[in-house]
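This report walks through one protein chain, from its overall layout down to single residues. Please have the sequence and the model at hand.

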Amino acid sequence: TQQPAGREGGADPPLPINLPAGSKLALLTAHRRESFGDGLVRICQAVLSLLERHPNLYILYPVHPNPNVQEAAHKYLAAHPRIYLCAPLEYPGFVSALAAADLILTDSGGVQEEAPALGKRVLVLRETTERPEGIEAGVAELVGTDVDQIVARATALFLEAMPLVPL
């Protein structure tokens, strides 16, 4: 396997979640100030809806330490058995999580750039992005914080197993 840039040799850090065989993993990062309040609530609702529709789906969510993010994540997601909330991961562990994930749900600009480099599809949980390259290349999609849009596009990507680069 290829090592992420900046790493030489050695095993990738283990994921902080044990996944059953045949399961799918979505990596969630949601922490931007414009998502605070209703936006984070809608993201959480979308995640719960995805889990209801996809019984083999697990969510790994390294939760930002901001109290607004912590409150929403723990209030809406902590009780679900297929959601693993954890502290932010060190960079090598985060890259391992990106590499292991079947889908990335993020509002992070940096993750929008890194995930496609690892061959991962990205749903951008924002209305606009300052990094349009992934959108223009067809490897990321702006879905905002609309529950129905997030669920519909994530489900389509799981069902279609779309290639990273459009034909």
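Two residues are in contact when they have heavy atoms within 4.5 Å of each other. Helices (H or I, at least four residues) and strands (E, at least two) are DSSP runs, numbered from the N terminus. This is a predicted model: local features need pLDDT of at least 70, side-chain atom pairs count only at pLDDT 80 or more, and totals for chains, interfaces and linings use all residues. Residues are numbered from 1 along each chain as its sequence is written, and side-chain values use heavy atoms, with hydrogens and water left out.

**The chain**

The protein chain has six helices and six strands. Along the sequence they follow the pattern β-α-β-α-β-α-β-α-β-α-β-α. Of its 167 residues, 47% count as buried (under 20% relative accessible area; exposed is over 50%, partly exposed in between; 1.4 Å probe, protein chains only). Take the contacts between residues at least 6 apart in sequence: 58% of them join residues at least 24 apart.

Helix H1 covers residues 38-53, 16 residues in total. From first C-alpha to last it reaches 22 Å, close to the 22 Å expected at 1.5 Å a residue. The expected span is 1.5 Å times one less than the number of residues. Buried residues in H1 include Leu40, Val41, Cys44 and Val47.

H1 packs against helix H2 (residues 67-76) at an angle of about 30°, with the axes 10 Å apart. H1 is therefore roughly parallel to H2 (angles under 35 degrees count as such). Which residues of H1 and H2 meet? Leu40, Val41, Cys44 and Leu48 in H1 meet Asn68, Val69, Ala72 and Tyr76 in H2. By class, this contact of H1 with H2 has seven nonpolar, one polar and no charged residues. Ala, Val, Leu, Ile, Met, Phe, Trp, Tyr, Cys and Pro count as nonpolar, Asp, Glu, Lys and Arg as charged, and the others, Gly among them, as polar.

**Ile43 and Thr145**

Ile43 is in helix H1. Thr145 sits in the loop between strand S6 (140-142) and helix H6 (147-160).

| Residue | Relative accessibility |
|---|---|
| Ile43 | 2%, buried |
| Thr145 | 8%, buried |

Leaving aside neighbours within four places in sequence, Ile43 is in contact with Leu28, Ala30, Ser35, Leu125, Thr145 and Ile150. With residues up to four places away not counted, Thr145 touches Ile43, Ser35, Gly39, Arg42, Leu125, Glu127 and Ile150. Ile43 and Gly144 are 101 residues apart in sequence and 8.9 Å apart in space, C-alpha to C-alpha.

Methods. Axes fitted to C-alpha atoms, helices over the stretch in contact; angles between N-to-C directions. Parallel < 35°, antiparallel > 145°, perpendicular 65-115°, else oblique.
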